[in-house]
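Notebook open. I want to look up some helix packing and some aromatic pairs.

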Amino acid sequence: MTRRLFLGLVLHNHQPVGNYGFVIEQVYEQAYAPMLAALERHPGVRVAMHTSGCLFDWIEAHRPDYIGRLRGLCDRGQVEMMTGGYYEPILPMISDAAKRGQIAMLSEYIAARFAQRPTGLWLTERVWEPGLPAPLARAGVGWTLVDDAHFRTVGVSEDEPDGYYVTEDQGERVHLFAGSQRLRYAIPWADVDEVLRELRAIAASSARDAPYVLLGDDGEKFGAWPTTFAHVWEQGWIERFFSALEGAADWLETMPPGEYARRFDARGLIYLPAASYEEMMEWALPADASAAYHRTVARLEHGHDDARAFVRGGFWRSFLAKYPEANAMHKRGVRIEAKLLAGDGGAARDALWAAQCNCPYWHGVFGGLYLRHIRAATNANLVRAERLADALAAASGVTVSEGDCDFDGEGEVLVQSGDISLLIHPGVGGMVSEFDLRRRDWALLDVLARRREAYHEALLEGREEGAPTEVANIHGAVRVKEAGLAAGLIFDRYRRGGLQEWIAAPDATVEAFARGAAGMLWEPAGAWKLRAGRDDTGATVTLEREVDGWRVAKELDVPASGESVGVRYAITNTSEEPRSGSLISEWNMAPPQAPEGDDRIALLRAGGAEVALRQETGAIADLRSFVIRGSAAYGLRCELDEPCDVWHFPVDSISSSEGGLERVSQGASVSVVRAVDLAPGATLRIAFRWLVEDPAD
C-alpha cells in the first residue's frame, strides 16, 4: 500500500532593487500573474509563497489588484505567506540588528495586507551559516528551508531528508526543511507523468510516517526563464501538473511547510555547516578552482562514485574576496551602519537596507554583479544612506579619516565633504575607488574589472552552443547570445578605478591600451607614500612613489564645499638617461544617469564633437576641457591647465546570464594623456580639475 505523501511547494518571487521596470513588468506578465491565475483555478493545490518587499513595492505601485487576489488565496487557506529580509539580503552578510529589522519590516507588511503572521522564512539563495538560528528565532522565525545538499554535507543520504529537523544556536531553535534538488531539476522540465511517478516512488519507498518532500524554487522559472513561457503556460505544463496533483488526492496532499510543522513532529536534531545550493558554492570558487570542481563533479557523477556525496564547493562570503567591487559595496555598508548605531536613522537606514539586496554581491549563471544598473542602484543607495547618516550627525566641512575601510589589510584614506566623497588606496597603486557626487547620490567610478570566469573556459576552447530554442534548465551547457564572443575576452590586471597612472611606451596606442597589450614603463601598482591634511578651506592628499627611474607625485584637493576635485601631477626622471613615453591618468567612469533615464547614454563632448563612450575607442588631441554625460541633467567636466590628449574606450565584459553568455557594458575608460620627454632630473607637471556642470545651478 502506498503511503500518503505530503508535498510542499514553495514559490519564491523576487526582483532586484534597481531592476528595469520593463523587465519586472515582463516577468510579472510571464510568471507571477499566470501562476496566481493557475492557483485560483486549482483550489486543491496549496503552496507557500515568498515575495520580497522590494517586489511588493513594485506590485503595489503598478499591479495593485494582485495584492487583493493574493489575499483571497490566503483567506481560503491555499497560500501560506513567508517572510524574509524585506530587501532580500544574504542574511549572514548583514548585522543581527539589520536581520531583525528587515524581517520585521516584511512580516509586518504581510500581516497588514494578508492577515497572516508568517512563521516561515525564505532564506535568500539558501545561504546558511551555523550562527543563524539565534537571530532568526529572535525575529519570530519558526522554520526555513535549505537544499538537501546542505544535509548531505553532514552525511545524510539523498533519500533521508524529509519532513523537518531541529537545529539551534545559543539555545535558540528553528526548524529546517530540505528542498529537493531532484525535484528542482525535474520541475518544470520533466514530463508531468514522470514527476508523478517519481513522487509515487518516494511515497512507496518511504519508511517514515507522514513522508514529506519539498520543492523550493524561483517563481520566475515558471515562465520568465528562457523558453519556459511557451512550455509552462502556452503548452500547459502547469495546468497538467496542478490537475495531476488534484487528481492524486487519494495518496498525495499538498501542504505548506508551516502547517506540516504544526501537525507533525521533527525528524530529529541536526547541525549544518555553512553552505548554499550546489551551483552557488561552485560559483563562489575562484575561476580555476571552479572549473576544476565542475570537472571533478562531472567525473564522479559519471562514474557513480560514492565520493561525490563528500565533494563540495566554496563558501558564499568568498564572493567578497573574489570581487573587490562587491566587497567595496559591502564594507561601505558596514561603515554606514556604524554611523547609524546611535539612532534609528529613518530614511538613512532604509536606504542602507535597500543597498543590502543580495543581487549585485555575487555572480553565477545570473548576471548579478556584472549588471551595471543593479550595481548603480546599490551604490546610489549607499551614497544616499551615508549622506543622510552624516546629516543626522550634523557633519560639516571636510573630514579626512584613515583606516582599513575595506578590510583588505591595507590602510585607506576617506575624504568627505558635503558634496564629494573620495576613498584613496595608497597601498594599492594609490588609486581612488570611490568618487561620489554626494548631493546627487551618484558613484562615478562604478566600473567592474574584466575578469576571467570559469565559463570562459568553454569560449577559449571553442566549446559553445547557441542560445536555447527548446525548453532547458539554465544550469546546463555554456550558451552564447551572439557569435564571436571569444574575441572580446580581455582580462584586466588591476581593479578599475580612478587616479590610476600608466607611463606607456612612445609607440603605444589607445587600441592596444584598451586590450591591455600596450607596452608599459610604469603601471598602477605598489604602495605609495601618503600625506594628508585639512583646514577650513578643504583637504589635500599627496601620494608619491619612485621605481625604475621614475618618480610620480600626485595630489588631490577637495574643497570644504563645492562639487569639484583638483588633480596635480609631477613626473620626474630620476635616471641618468633621457626618458620618453606617455603619461596616462586613467579614470573609469559610470556617467551620471537620471533615476528613470536611459542608462545606455554615455557621451564625451569636446570641441563641438560628441563621442559614444560605450561604443567607440579613440583618441582626441589637444583638449583643454571635455564633459562626460549620461542621461542625467548634469555632467562631469574636466578642465585642464594646458592641452592634453584624451583616450577613451568602452569597458565590456563577457558575462553569463540565464539566457547565455553576452557582452555587457561595465562603463568607460577615460584618460588624460600627455607626452613625456624628460632629461635626467627633469620634471613634468600636469594639472586638471573635475567639476559638476549643471545648467540648473
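Predicted model: local features only at pLDDT ≥ 70, side-chain atom pairs only at ≥ 80, totals over all residues.

Residues are numbered from 1 along each chain as its sequence is written, and side-chain values use heavy atoms, with hydrogens and water left out.

Helix pair one: I looked up α15 (residues 324-340) and α16 (residues 347-354), which pack at about 160° with axes 11 Å apart. That makes α15 roughly antiparallel to α16 (angles over 145 degrees count as such). Gly333, Ile336, Glu337 and Leu340 of α15 meet Ala348, Arg349 and Leu352 of α16 (contact is heavy atoms within 4.5 Å).

Helix pair two: α8 (residues 192-205) and α10 (residues 237-247) pack at about 35°, axes 10 Å apart. On the α8 side I find Val192, Val195, Leu196 and Leu199, and on the α10 side Trp237, Arg240, Phe241, Ala244 and Leu245.

Rings: I get 38 aromatic pairs, counting ring centres within 6.5 Å. Phe6 and Tyr260 have centres 6.1 Å apart and planes at 65°, so I log them as edge-to-face (planes over 60 degrees apart). Phe6 sits in strand β1 and Tyr260 in helix α11, 254 residues apart. Phe6 counts as buried at 6% relative accessibility, and so does Tyr260 at 0% (buried is under 20% relative accessible area, 1.4 Å probe, protein chains only).

Last entry: Phe6 and Tyr260 belong to one aromatic cluster, whose members include Trp143 and Phe177.

Conventions:
Axes fitted to C-alpha atoms, helices over the stretch in contact; angles between N-to-C directions. Helix = DSSP H or I, 4+ residues; strand = E, 2+ residues; numbered from the N terminus. Parallel < 35°, antiparallel > 145°, perpendicular 65-115°, else oblique. Phe/Tyr/Trp six-rings, centres within 6.5 Å; stacked < 30°, edge-to-face > 60°. Buried < 20%, exposed > 50% of the residue type's maximum accessible area, 1.4 Å probe, protein only.
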